[in-house]
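Let's walk through this one together, starting with an open space and ending with a pair of helices.

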Amino acid sequence: MAKKHGKKYREVGARFDQNALFDPAEAVEHVKSTARAKFDETIEVHVRLGVDPKKSDQNVRGTILLPHGTGRTVRVIAFARGDKAKEAEAAGADVVGEQDLIERVKGGFSDFDVAVATPDMMAAVGANLGRLLAQKMPNPKSGTVTPNIGGAIRDIKAGKVEYRLDKTAIIHTIIGRASFEVAHLLTNLTTLLDAVLRAKPPNAKGAYVRSIVLAATMGPAIRVDPNRLRAAGS
């Protein structure tokens with residue numbers, strides 16, 4: 001059975017051809033105009049790549065600091081001890097601890113978005129919280145396991161986002177809020193897409209970027225023309 005959309009969704013969707021491919025600037029203008037909810041909707045981006053996520057040499061993953069942030073208040077916990085714990089607190093971590101924090105998370109604490117850790121804490125964190133944290137597990141590839149824990153926390157709070165393939169070769173992430181200016185959303189989008197383009201695996205064959213879709217939390221999909229990315233970022 002086809003999904004039945006509400007009146008507002010149908011009204012905003014009727015303003016443009018939903019099968020058309022837009023250049024990034026047009027797409028951002030359209031997606032901003034579709035955000036009609038009473039709350040400040042998140043602007044999402046979904047990028048389908050022509051790679052095989054089952055092959056380790058075609059994995060696409062990284063982090064990028066969005067120039068204008070995400071518009072979100074990100075709650076960060078930090079596994080650190082001694083001077084590094086003080087550094088994490090000074091950088092704005094919401095909760096800092098070592099074994100006490102591990103036990104708290106094991107007990108059900110989950111009111112956080114990102115977990116970071118110093119390298120010396122990872123043996124204990126991994127042994128106790130591997131299954132519980134799942135995708136929130138600190139990871140060197142995402143910059144969340146680092147001796148520079150203060151810098152990592154500041155970057156996350158400032159708008160650092162991770163992009164990574166799911167099992168269907170799609171990257172799902174965000175570029176800001178509907179209240180952002182069009183120019184700021186566009187800069188965030190092109191910064192993200194430039195990073196994804198630079199992360200192309202050497203063994204990827206054929207078209208690398210297959211499709212790009214923007215959407216507000218409650219809005220319809222806006223399709224971006226992958227062939228016009230370079231022009232937008234130049």
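Which strands each supply at least two residues of the lining of the largest pocket? They are β1 (42-49), β2 (61-65), β5 (114-117), β6 (160-164) and β7 (170-177), where strands are DSSP runs of E with at least two residues, and helices are runs of H or I with at least four, numbered from the N terminus. Keep in mind that this is a predicted model, so local features need pLDDT of at least 70 and side-chain atom pairs 80 or more, while totals for chains, interfaces and linings use all residues. Residues are numbered from 1 along each chain as its sequence is written, and side-chain values use heavy atoms, without hydrogens or water.

A pocket here is an open set of points on a 1 Å grid over the protein atoms alone, where a 1.4 Å probe fits, with protein on both sides within 12 Å along at least five of seven lines; lining residues have an atom within 4 Å of a point. The largest one holds about 950 Å³, the space filled by probe spheres set on points joined across faces, edges and corners. Its lining has 32 residues, with D113, V114, Q135, E162 and R164 nearest the centre.

Now for the helices. α4 (residues 99-106) and α5 (residues 122-133) pack at about 20°, axes 10 Å apart; axes are lines fitted to C-alpha atoms over the stretch in contact, and angles run from 0 to 180 degrees between N-to-C directions. That makes α4 and α5 roughly parallel, the word for angles under 35 degrees. Contact (heavy atoms within 4.5 Å) involves Q99, I102, V105 and K106 of α4, and A124, V125, N128, L129, L132 and L133 of α5.

Definitions and conventions
Parallel < 35°, antiparallel > 145°, perpendicular 65-115°, else oblique.
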